[in-house]
Amino acid sequence: MNSVRFRLIAVVTAAAVATTALIVLLPRRSVAAEPIDIRQVSTSTAGPVISGDGRFVAAQLETTLNGANDRIVMHDQLTDKDEVVSDFQANSQPVMSSDGRLVGFAGVNKTSQIFVADRSKPGPPHQVTGTPSDLEFQRMLQCRGEGITFECGPGAMARDGKTIVFPARLDPHSPALRIAVDGSSVDRDHPFVDFDTRGTPGDTSQAHLTVTANRDVTFSGPPTIGGPQATAFSSTSTCTGKLAAGATCTVDVTLTFPAPTCTTFFATLQTQGATPDARTLVPMIAEVACPAPQPPRRESAAAACSDLVPGQRAGFGSSSVTNAGNLGAPGMSVPVGRSGFTSIVVTNTDTETSVGLALNSPDCTFDLVTPDQPDAGPPPCNPTGLLNPGAQCTAYVAFRGPNVGAFMADMQLFRENGTALGQSYRFEALAIQDVWLARTDSTGTGDFANPSNPGPGIVNLDIDGSIIEAVSPSVSGDGRYVAFQTREDNDGRDRVLRLDRSTGAVEEVGLLDNGKPPNGDAVAPSLSRSGQRVAFVTPNSADNSQVRVRDLDLGRTVLASARANDPQQEARARSSQPALSGDGTTVAFTSRGSDLTADETTGEQMYVRNVEADFTGVGERGNELVSVRQDGSTAPDVQSFSPTVDEFGAYVAFQSTGALVADGTLGSYVVRRAGNAGVDPASLEFGRLPLGVTGGPLAVAVSNTGRGAIQVAPAAAPAPYKVESSDCDLLRRGESCTVTVSFRPTKGGAAPGTLSIATRQGFAVQEPVAVALSGSGLDPTEPPGPGQPPAPGVAALSVSPPRIAFAEQALASISPVQQAVVRNVGSVPLRISASGTSAEFPVSSRCGLLPAGASCSVDVRFKPNVVGERSGAVQIRGQATQAGVRDPAAATVTVTGATAVPVLTVEPFMIRPGRTAAATGTGFAPNTEVKLVWSQGNGTSTVRTDAAGNFTVPVLVVRRDVLGSRELIASPAGASEVRSTPVLVIPRTGQPPAFLSRG
């Protein structure tokens with residue numbers, strides 16, 4: 001048997017859960033109590049990631065079908081076959097476009113880089129990094145895990161496949177080049193050139209550098225020299241063109257000592273590369289000797305840099321002898337803008353005279369400091385004091401770089417008479433920067449590094465535009481928005497920010513429902529396709545973090561990891577790793593909580609929640625446990641993690657340690673949340689109509705009573721039937737749509753037919769839903785048979801339009817009139833009546849007795865009493881007034897509308913008993929009374945909205961009231977209630993938490 005096993009399991013549709021209530025909490029029973037469609041698709045070690053239609057699942061596998069190690073494998077759920085995407089080693093879990101065509105990963109193909117494979121075309125994957133269009137010093141970033149170090153892979157790919165986001169390190173030192181400087185006693189990781197010959201103006205000094213390629217590189221030209229004193233240096237080099245791995249080239253640098261004297265010169269040598277591999281910086285330092293003794297220097301030359309703090313130790317190892325015979329402290333690599341320090345033991349070799357220290361640092365990049373915990377050994381050096389004859393001290397030198405580059409400083413020892421002791425100390429540091437980069441490929445072929453595409457751009461930007469340390473990026477479907485988690489900002493917390501790449505604007509989006517940041521961190525963002533919804537985690541503590549989803553258009557945040565019996569209460573254990581569906585309606589997450597459903601669970605389980613019901617207040621609110629066995633039973637002590645969701649929330653892929661299927665193992669599983677399409681009525685009868693006369697339209701409601709969303713294809717009906725209208729496209733759980741059909745007979749006799757409505761869930765096509773159609777044509781020219789009476793008149797009516805859509809309407813307010821036109825298309829008069837199926841769409845008729853060939857109108861208005869998308873139908877019937885004529889089939893007009901979401905806020909959100917807060921309502925019905933009451937506690941008031949539907953009124957928390965969290969509930973007359981953001985009632989000053997009142 002192959003080492004990667006795939007299992008197909010028969011699809012079992014979940015039972016329908018029908019409800020007509022405004023808000024329905026999931027009952028205290030297991031929502032996974034019935035058989036479930038779950039399959040294991042791989043024994044993956046990293047991943048998985050699922051395509052938008054749920055068909056393709058990609059993951060990193062430790063051992064693939066061909067026996068190779070660490071490959072990206074794509075499983076096709078439709079064919080139950082797998083495909084090895086990378087024919088070389090893959091070091092990361094993959095990212096993927098929504099159609100499953102493009103797959104990105106970090107891999108080793110001669111060098112470690114990021115690649116994107118286009119599965120629709122033959123040939124090797126496109127290389128994204130290590131190309132001529134990279135940033136100047138762009139390197140692969142190293143990640144660590146389970147005791148090993150590996151190259152970090154891409155963090156996200158846009159669903160359209162045209163944007164990829166990946167980590168990089170901007171580092172002036174190239175790991176592809178090894179540089180040795182003549183005379184150096186050790187091979188330093190960060191080489192530098194020391195010209196300390198203490199020459200006088202006009203003298204020259206030379207240094208010889210040998211460059212060895214650790215892998216194949218290509219130089220674009222000879223090295224250049226930069227820096228403030230670059231004109232004092234010149235170079236010749238053989239480092240041009242290609243340099244094979246293991247081969248060497250040389251650089252000879254000449255320094256002509258300039259005036260003035262008593263000066264330290266700094267410069268940098270940069271190799272010129274076609275790609276970043278061949279680009280490296282080598283700092284250089286030189287001193288021009290003083291002709292006469294100088295006054296003693298008892299303070300650092302960088303004394304103005306008093307704000308430079310030690311930071312973390314960045315220099316490790318021991319000191320070494322430079323090519324000029326000086327002592328070099330261990331080199332440092334420090335992130336830009338941060339401080340790090342190194343150390344070196346300083347010895348006063350003069351046995352008779354005390355010496356002072358002088359640190360020479362350009363641009364305040366180095367300074368002498370004292371760390372909080374000095375090393376064992378000689379005490380820290382005093383930058384303003386003297387070192388006794390023969391004594392030692394430890395010089396701690398901190399570094400903070402303003403930008404990516406290579407920097408140096410030198411330190412001298414001076415006697416009391418101003419003469420130099422003769423020993424110099426060198427300090428070298430690299431300022432590096434870890435960034436997240438985004439690349440765009442407008443062609444959608446995965447060739448991001450093509451010269452016709454723009455270069456990489458840094459996306460981990462703070463609100464002020466500065467680069468900030470970040471992790472966990474997520475990208476919108478078109479690549480416009482990138483969300484990420486910052487790392488320990490200046491206020492000591494992590495935030496979730498979102499960058500708009502089209503405008504450069506950055507905003508904080510990990511906010512609570514009151515629009516304010518959480519007290520602690522906000523981490524692990526996941527963006528919807530539009531970028532307007534973001535899921536994230538708010539860790540209250542290590543064992544009680546919560547998953548939330550924010551809608552940026554609505555300015556609302558809802559709790560996803562809520563308890564089964566209360567959508568406002570947080571689960572009692574850690575929830576994390578949210579993953580949003582493309583449409584932002586469904587979030588999957590992992591949790592240790594045992595109170596998210598009625599299931600008895602242990603370990604880390606996978607849950608799914610439809611957050612649309614939480615935002616609209618309409619429909620079933622609750623979590624679904626999906627990391628279950630095929631029979632729906634829970635698996636104890638399972639660890640499920642790394643979820644990913646398809647476009648509409650029908651498929652959820654995740655990793656699990658449990659055997660969730662027969663013979664299951666550790667690996668990637670996919671759950672299909674089965675949808676179920678139903679129709680009402682099951683048949684349509686149009687009756688007898690004259691030839692050429694149109695009857696109807698008649699309506700059929702299509703609903704989804706399953707778990708996951710279904711996609712409804714255009715309905716089809718054979719002639720002489722015609723589909724007049726359909727608002728069916730995507731049906732989420734509990735949603736419905738309407739199809740209308742008309743009948744126009746072209747010949748006499750019965751004309752049976754079938755309305756066929758096809759549905760699917762992503763790639764899985766379901767059996768079409770059928771509606772029986774019946775009607776017959778009456779040919780008036782056909783003579784009656786022998787002994788038969790003449791044919792009676794015909795009653796028929798038509799209505800247009802078949803669908804009326806109202807504009808968004810404020811809650812409990814009434815809209816302007818829209819009309820449906822009724823025509824008598826038969827040969828006898830009709831008595832017309834009209835009625836509505838929903839009180840939210842009041843109906844009045846101007847029709848009565850309608851002669852043949854005449855028309856009239858039916859008025860319809862929209863007065864919503866519930867928040868959200870609303871729908872109904874108007875039934876129009878005709879009664880034939882001629883004896884012996886059968887009444888025509890009733891016609892249906894579908895009516896739809898949306899309710900403007902009213903908002904109720906209370907400020908401040910923390911209040912003490914006996915105090916008042918300001919309640920503000922917006923978007924209510926104009927000039928309408930609204931009753932206000934606390935969800936718990938005492939107090940009721942009534943307010944009347946203004947002409948715009950708004951109000952502001954003080955609300956009191958009475959003195960003898962309960963403490964804790966509560967909501968203010970607004971109940972408009974004749975409409976559903978609206979709840980405010982949570983309000984916390986806290987004890988009065990000096991009052992213990994359980995103390996309610998002094999009496």
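## A cavity to start with

Let's begin inside: Thr585, Thr586, Asn610, Phe648, Gly649, Arg673, Arg707, Gly708, Ala709, Arg732 and Arg733 line the second largest cavity. How much space lies in it? The second largest cavity holds about 70 Å³. Searching the whole structure turns up 5 cavities of 30 Å³ or more. Keep in mind throughout that you're looking at a predicted model.

## Strand 67 and its partners

Next, have a look at strand 67, which covers residues 769-778. Strand 67 is mostly covered, with 7 of its 10 residues buried. Which strand runs parallel to strand 67? That's strand 57 (residues 683-690), and 6 bridges join the two. To find this pairing on screen, look for Arg688, which stands opposite Ser776 in strand 67.

Strand 67 also has antiparallel pairings. Strand 64 (residues 753-757) pairs with strand 67 in the antiparallel sense over 5 bridges, and there Leu755 stands opposite Val771. Strand 63 (residues 749-750) is antiparallel to strand 67 too, over 2 bridges. In that pairing, Gly749 has Gly777 of strand 67 as its bridge partner.

Strand 20 (residues 217-226) pairs with strand 24 in the antiparallel sense, over 5 bridges. Look for Gly226 here: the residue opposite it in strand 24 is Thr268.

## A mixed sheet and an aromatic pair

Now for an open sheet of 4 strands with mixed pairing, in the order 26-30-34-32. Why do strand 26 (312-313) and strand 32 (366-369) count as the edges? Each has a single partner strand, so one side of each is left without a neighbour in the sheet. Strand 32 and strand 34 run antiparallel and are joined by 4 bridges, with Asp367 standing opposite Ala398 in strand 34.

Phe341 lies in strand 30 (residues 340-347) and Tyr396 in strand 34 (residues 392-399), so their pairing ties together parts that are 55 residues apart in sequence. The ring centres of Phe341 and Tyr396 are 6.0 Å apart and the planes stand at 75 degrees, so this pair is edge-to-face. Are these residues buried or exposed? Both Phe341 and Tyr396 are buried.

In total, the structure holds 17 aromatic pairs. One of them joins Phe806 and Phe841, and this pair is tilted, with 6.0 Å from centre to centre and 40 degrees between the planes. Phe806 sits in the loop between strand 69 (803-805) and strand 70 (818-824), while Phe841 sits in the loop between strand 71 (830-836) and strand 72 (843-845), so the pair ties together parts that are 35 residues apart in sequence. Phe806 and Phe841 are both buried.

Elsewhere, Phe88, Phe105 and Phe115 form one aromatic cluster. Rings meet charges as well. Arg119 has its charged end over the ring of Phe56, 4.6 Å from the centre of that ring. Then there's Arg966, which lies over the face of Trp934 at 5.1 Å from the ring centre.

Which strands are at the edges?

One spot to check is Gln485, which stands opposite Val496 in strand 40.

## Val741, a buried residue

Last stop: Val741, which has its place in strand 62 (residues 736-743). With a relative accessibility of 0%, Val741 counts as buried. What separates Val741 from Thr892? The two are 151 residues apart along the chain, and their C-alpha atoms are separated by 9.7 Å.

Notes. Residues are numbered from 1 along each chain as its sequence is written. This is a predicted model: local features need pLDDT of at least 70, side-chain atom pairs count only at pLDDT 80 or more; totals for chains, interfaces and linings use all residues. Side-chain values use heavy atoms; hydrogens and water are left out. Two strands pair if DSSP finds at least two bridges between them. Rings of Phe, Tyr and Trp (its six-membered ring) pair if their centres lie within 6.5 Å; planes under 30 degrees apart count as stacked, over 60 as edge-to-face and the rest as tilted. Buried means under 20% relative accessible area, exposed over 50%, partly exposed in between (1.4 Å probe, protein chains only). A charge sits over a ring if NZ of Lys or CZ of Arg is within 6 Å of the ring centre and within 35 degrees of the ring normal. On a 1 Å grid over the protein atoms alone, a cavity is a set of points where a 1.4 Å probe fits but cannot get out, and a pocket is an open set with protein on both sides within 12 Å along at least five of seven lines; lining residues have an atom within 4 Å of a point. Grid points are joined across faces, edges and corners, and a volume is the space filled by probe spheres set on the points.
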